[in-house]
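Me: I am new to this structure and would like to learn how to read its pockets and salt bridges. Please begin with the pocket.

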Amino acid sequence: MPSPEAAGPRPDYGLDAPGVVRNLIVAAVAGLAVWATVALGLWSGTVRVGPVAIQLTYTGLAVGVTCGAMGIYMVWWSRVGKLRERERLLDRITWKGNERVLDVGCGRGLMLLGAARRAVSGECVGVDIWQSVDLSGNRPEATLENARREGVAERVRLETADMRKLPFPDGHFDVIVSKTAVHNLYKREERAQALSEIARVLAPGGTLVLDDIRHVGEYERELRARGLTDVTRVGGPGWPFALVTLGSLNPGTVLARRAR
Ligand SMILES: C[S@@+](CC[C@H](N)C(=O)[O-])C[C@H]1O[C@@H](n2cnc3c(N)ncnc32)[C@H](O)[C@@H]1O
């Protein structure tokens, strides 16, 4: 596997869920401000709601520390953790080097470009609708710039397309990857539609690596129902990320294959 371009700027895969990170930082600052102003003797820390007196000092401290830790974890995850995670996920695939690869919801190319470094004589296609609420600076130009920085631009192609209607023929891809993307479809029927499309474009003998922060049990069932085999679930991005993404109690990775 070639290494990224030694000289020149490093690729930047963006900050996941930038709005969540911002809200956590605002909550942390507010909570710590309550605690600090009481500690400095500026006020009592008690607010009255009708007849009820509520002491906010330690609540402020708890909110500040918890939200601050979660915000820091999310920034660390986007800058360091998810790069390590991508290599672990891509290691799950037995690469020949000439694969046709699809990354569903590729964003700024984290999985797509990692795959392109392994599929050295292959073709790697990323599809996305480029939502900036899901990923900071989410634009095809940013992905192409990262492709140049990774030294894989000549074998990477991007398509602006919705994962519920993939613009590819049946059985087109030897490898399909998707990370932290399908949960952005909020209705179960829409996720089922996306999984149906993913299963449709996976070639006989092909491999799917589908990682997400939610709904992973649902994905397993849907993929089995669509005829994929060897559907197995392995670990996930870890509980802190699951916790901060609110209600995300079903994170993990599904590995699956289409029989020849
Ligand atoms: C959290 S980002 C993850 C990006 C990338 N996979 C990564 O791990 O860095 C989720 C991505 O899914 C994309 N996305 C959301 N809904 C989509 C849809 N219906 N079709 C295609 N992409 C979608 C977003 O635009 C965004 O790029």
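Reply: Helix α1 gives the most to the lining of the largest pocket, with three residues. On a 1 Å grid over the protein atoms alone, a pocket is an open set of points with protein on both sides within 12 Å along at least five of seven lines, and lining residues have an atom within 4 Å of a point. Helices (H or I, at least four residues) and strands (E, at least two) are DSSP runs, numbered from the N terminus.

Me: What should I know about the model and its numbering?

Reply: This is a predicted model, in which local features need pLDDT of at least 70 and side-chain atom pairs count only at pLDDT 80 or more, while totals for chains, interfaces and linings use all residues. Residues are numbered from 1 along each chain as its sequence is written, and side-chain values use heavy atoms, with hydrogens and water left out.

Me: How many residues line the largest pocket, and which lie nearest its centre?

Reply: The lining has 38 residues, and D134, T180, A181, H183 and N184 lie nearest the centre. The elements that give two or more residues to this lining are α1 (18-39), α3 and β4 (123-128).

Me: What is the volume of the largest pocket?

Reply: A volume is the space filled by probe spheres set on the grid points, which are joined across faces, edges and corners. For the largest pocket this is about 780 Å³.

Me: How many salt bridges does a search of the whole structure find?

Reply: A salt bridge is a side-chain nitrogen of Lys or Arg within 4 Å of a carboxyl oxygen of Asp or Glu. The search finds 27 of them. One of them joins the side chains of E87 and R117, at 4.0 Å from N to O. E87 lies in helix α2 (residues 57-90) and R117 in helix α3 (residues 110-118), 30 residues apart.

Me: Where do E145 and R149 lie?

Reply: Both are in helix α4 (residues 140-150), four residues apart, about one turn of the helix.

Me: Is D211 buried or exposed?

Reply: Buried means under 20% relative accessible area, exposed over 50%, and partly exposed in between (1.4 Å probe, protein chains only). D211 counts as buried because its relative accessibility is 1%. K179 is also buried, at 9%. The side chains of D211 and K179 meet in a salt bridge of 3.1 Å, N to O. D211 is in strand β7 (residues 202-212) and K179 in strand β6 (residues 173-179), so the pair ties together parts 32 residues apart in sequence.

Terms used. 1 Å grid on protein atoms, 1.4 Å probe; cavity = no way out; pocket = protein on both sides within 12 Å on 5 of 7 lines; lining within 4 Å.
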